[in-house]
Amino acid sequence: MPDAVQRSILMLVAGAKGAIGSTLSVAAALLARRPELVRPYLTTSGRFGDLGEGVTVAGWDVSPHCLTSSLRVHGVVPETLWGDLAHDLEGVDLRPAPGPGVTLGRQVEHIAADIRALREDHPEAAPVLVDLLPSAPGHRLDPGATLDEILAAPAASAPPDLAYALAALRCGVPVVNFTPNAIALPAVVAAAEAAGIPLAGRDGKTGQTYFKVVLASALKARQLYVDGWYSLNILGNADGANLMDPACAAGKLANKTQLLDEVLGYRVGERYGQGSHKVHIDYYPPRGDAKEAWDVIDFQGLFGLPMSMRVNLQGRDSILAAPMAMDLARWVAAARRAGLGGLRPELAFFFKKPEGPQAPVSFQAQLARLEAFGAHIDEALAVCG
Ligand SMILES: NC(=O)c1ccc[n+]([C@@H]2O[C@H](COP(=O)([O-])OP(=O)(O)OC[C@H]3O[C@@H](n4cnc5c(N)ncnc54)[C@H](O)[C@@H]3O)[C@@H](O)[C@H]2O)c1
C-alpha cells in the first residue's frame, strides 16, 4: 500500500512539452497560485479528500526546446496567463527520453531510474504516469508474449509508450494512457493486476467524440434510429499533422468509429448500407489547437420518417484534454490507494476506447459506473482509515 501521507499528485508526463503536456504544467502552476482559474473546471475537485488537490508535473520529452518555448510554439495558452509563472515553469523537472536504438528492457531501466529519483524528490505526492505521446503505428509484438519476452524485444517493435508503462508498473505507479496507442498487452495487464496497480485507457474522449456518445445515447434512449452519421474534424496542431500519416491515424479512426455501433447496439447503415458512418480527420494549420468539428446525423422516427441534425463544435483540443488528464490522474491515484489494480473499465467515461472487462458504452451507463466507482473507492479508503 502506498504511503498514506501523500497529499498531492505527481504527474509523470510522457510527452510533457506537447500541446496537452505544456498546458498541464501551466494548469498545475495556476492551481497553486490562482486556483479559481483551474479548480472549477476539474470534475474531481472536492473528491478523494485525503489525496489533496495539489499537482506537480514532471516527466520526459524528446524535444530540445524549453517548456516556455514549447508553450509559445503550441500557442494553446496565452502568455498573459503564464508569463508571471515562467520561473516556476522553467523549474519543472523534465528529463530526456531514452534513446530508440536499444531493447525495451533498457528503456524501462532508464525511465524507472528517473521515476525513482522523481519520487524521492516528491515524497509528499502520489505518482501517476500520464501518457501523452504522439499517436503511433501498432506494435509488432506477439500478443501472447511474456513480460520477459517483451523486455528483450527491440524498442522499435512497440510504440514508445510501452516502455513508460512498463517502467511505471515496475515502480508501482499507476498509468493513464490518454493516447490511442494499444499498450495494454495481456502480460502487462496481468502484471498490473498482480501488483494492484491501476491502468486506465485509452484515447481521451475530449470533444467531438464525447458529444457523439452523448447524442448517440440520447437518440438510442428515445428509439430514434440512426441512418447515417458523418463526422469531420479539422485541426492544426502537431497531433493533427501526425494523424495525416495513415499508420498513425488508424487506431484513432477505429476508436472514433467503433463506439457508435456499440452505443446504438446496431450497425449504422442498415437502411443505406456501407458508407453511412464516416469519420474524417484533416490537418488544417490555420486552426492550430482550436479545432472545429462537424457532425451530420440522419435519423428516423415514427413511420420511418427521416429527420436530421447538425452539430458544429469549435473546441480547443488541449484546453479540453488537460483537465481530464488531471482528473484521471486523481482517479487512478485514489484507486491505487484503495488497492484496486488492473484495467479500470469504471473510467470508461473518459475514453474513446475504454479498456477492461464489460466497459460501459452509453453516456448514462458510463457516468453511473464512474459514480459507483467513486463510492466504492470512498468506502475502501474509509476502511483503510
Ligand atoms: N487533445 C485531445 O483532445 C486528445 C484527445 C484524445 C487523445 N489525444 C492524444 O494525446 C496525445 C498527446 O496529444 P498532444 O496534442 O499533446 O500531442 P503533441 O504532439 O503536441 O505532444 C506529444 C509530445 O510527445 C513528445 N514525444 C515524442 N516522442 C517521445 C518519446 N519517445 N518520449 C517522450 N516524449 C516524446 C513530443 O516531442 C511532443 O512534445 C496524442 O496521442 C493524441 O492523439 C489527444
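Arginine 202 sits in the loop between β6 (198-201) and α9 (208-221). Helices here are DSSP runs of H or I with at least four residues, strands are runs of E with at least two, and both are numbered from the N terminus. A cis peptide bond joins glycine 201 and arginine 202, with omega at about -5°. Aspartate 203 is found in the loop between β6 and α9. Aspartate 203 has a positive phi of about 70° although it is not a glycine.

This is a predicted model: local features need pLDDT of at least 70, side-chain atom pairs count only at pLDDT 80 or more, and totals for chains, interfaces and linings use all residues. Residues are numbered from 1 along each chain as its sequence is written, and side-chain values use heavy atoms, with hydrogens and water left out.

**Backbone geometry**

Most residues other than glycine have a negative phi, and most peptide bonds are trans. Phenylalanine 303 also has a positive phi, about 70°, although it is not a glycine. Phenylalanine 303 lies in the loop between β9 (292-300) and β10 (306-314). Is aspartate 203 buried or exposed? Aspartate 203 counts as buried, at 0% relative accessibility. Phenylalanine 303 is exposed, with a relative accessible area of 72%. The classes are buried under 20% relative accessible area, exposed over 50%, and partly exposed in between, with a 1.4 Å probe and protein chains only.

**Salt bridges**

A salt bridge is a side-chain nitrogen of Lys or Arg within 4 Å of a carboxyl oxygen of Asp or Glu. By this rule the count comes to 16 salt bridges. Three of them are listed here.

| Pair | N to O distance |
|---|---|
| Glutamate 36 and arginine 34 | 3.6 Å |
| Arginine 95 and aspartate 93 | 3.2 Å |
| Arginine 95 and aspartate 114 | 3.2 Å |

Arginine 95 lies in strand β3 (residues 93-96) and aspartate 114 in helix α5 (residues 104-121), so their pair ties together parts that are 19 residues apart in sequence. Both arginine 95 and aspartate 114 are buried. Salt bridges that share partners join Asp93, Arg95 and Asp114 into one network. Aspartate 93 counts as partly exposed, at 24% relative accessibility. In the other pair, glutamate 36 is partly exposed at 48%. Arginine 34 is partly exposed as well, at 40%.

**Nonpolar cores**

In soluble globular proteins, nonpolar side chains tend to be buried together. A nonpolar core is a set of buried Ala, Val, Leu, Ile, Met, Phe, Trp, Tyr and Cys residues joined through side-chain atoms within 4.5 Å. The largest such core has 56 residues. Those with the most contacts inside it are Ile9, Met11, Met326, Leu347, Phe350 and Ile377. Elements giving two or more residues to this core include β1 (8-14), β2 (54-61), β4 (125-131) and α13 (363-384). Which element gives the most to this core? α12 does, with 12 residues.

Contact means heavy atoms within 4.5 Å. A second, separate core of 40 residues includes Ala14, Leu141, Ala145 and Ala153.

Valine 226 is found in strand β7 (residues 225-235). Valine 226 is buried, with a relative accessible area of 3%. Beyond four places in sequence, valine 226 touches Leu219, Leu264, Tyr266, Val268, Asp298 and Phe299. Valine 226 and arginine 271 are 45 residues apart in sequence and 9.3 Å apart in space, C-alpha to C-alpha.

Glutamine 107 is found in helix α5. Glutamine 107 is buried too, at 6% relative accessible area. Its contacts, leaving aside neighbours within four places, are Pro98, Gly99, Pro100, Val102, Ala155 and Ala163.

α12 (317-337) supplies at least two lining residues. The largest share of the lining, eight residues, comes from α12. By class, the lining has 20 nonpolar, four polar and three charged residues. Nonpolar covers Ala, Val, Leu, Ile, Met, Phe, Trp, Tyr, Cys and Pro, charged covers Asp, Glu, Lys and Arg, and the others, Gly among them, are polar.
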